[in-house]
Amino acid sequence: GLPSYMTDGERCLKAEECHCGLPDALAGARVIPIRAMAPSGLQYCAEAGFETMVSVPVQLKERLMGEVDLFFHASIELSPPERSLLEALATHLASGMENLRLNALEKEAAVSQERSFLASELHDSIAQSLAFMKMQVQLMRDALADGNETQAQRILGELDAGVRESYGDVRELLLHFRTRANAEDIE
């Protein structure tokens, strides 16, 4: 319900530019009498006709994560139960924000673990198979240069088996990464 010039103008503020968001403010909800304060910094609140603002810090333990600002067109005072309720709501908000952050970190760790698993699998199976086939190709060249068709046929068979094994490894890895973690799919 704020005017657009106010939301646009206050999208990004330095802490000292306004009465709210003061870094050295006391902990807990603050009632800021906009009309009673000397004009300084931004005047969006007064221009929009607000008389009072309630600023409630959103913090978890000692870490300040932001604040919730409530604007009023009248002069108000907070009763102790109202102050307590607003502070409890802000604490729950901070806890929810922290849980979202921790969930994102957990998902990031899971993706990193899967990538590490994939890299390990690629190295352990496919990279070794490719190295073996590279040596077999060199042996094939040598056998062809020497005119040794028997040895060339044997090496060709080993190369064929190596390609099939690598193909199977790749299909197995792809199948592993396509499997969904949804229980219904697994059943």
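**View 1. Glu98 and Arg63 form a salt bridge whose closest N and O atoms are 3.1 Å apart.** A salt bridge here is a side-chain nitrogen of Lys or Arg within 4 Å of a carboxyl oxygen of Asp or Glu. The pair links distant parts of the chain, with Glu98 in helix 3 (residues 80–146) and Arg63 in strand 3 (residues 63–72), 35 residues apart. Helices (H or I, at least four residues) and strands (E, at least two) are DSSP runs, numbered from the N terminus. The structure is a predicted model, in which local features need pLDDT of at least 70 and side-chain atom pairs count only at pLDDT 80 or more, while totals for chains, interfaces and linings use all residues. Residues are numbered from 1 along each chain as its sequence is written, and side-chain values use heavy atoms, with hydrogens and water left out.

**View 2. Arg63, Glu98 and Arg101 are linked in a network of salt bridges.** Between Arg101 and Glu98, the closest N and O atoms of the salt bridge are 2.7 Å apart. Both of these residues lie in helix 3, 3 residues apart, about one turn of the helix. An α-helix has 3.6 residues a turn, so residues three or four places apart point the same way. Glu98 counts as buried because its relative accessibility is 10%; buried means under 20% relative accessible area, exposed over 50%, and partly exposed in between (1.4 Å probe, protein chains only). Arg63 is partly exposed at 40%, and Arg101 is partly exposed at 38%.

**View 3. Arg154 and Glu158 meet through their side chains in a salt bridge of 2.8 Å, N to O.** Helix 4 (residues 149–178) holds both residues, 4 residues apart, about one turn of the helix. Arg154 is partly exposed, with 43% relative accessibility, and Glu158 is partly exposed, with a relative accessible area of 28%. A search of the whole structure finds 4 salt bridges.

**View 4. Helix 3 has 67 residues and bends by about 35° at His123.** The bend at a residue is the angle between axes fitted to the seven residues ending there and the seven starting there. From its first C-alpha to its last, helix 3 reaches 97 Å, close to the 99 Å expected at 1.5 Å a residue; the expected span is 1.5 Å times one less than the number of residues. Buried residues in helix 3 include Ala90, Ala94, Glu98, Ser125, Ile126 and Ser129. After helix 3 comes Gly147, with a positive phi near 75°.
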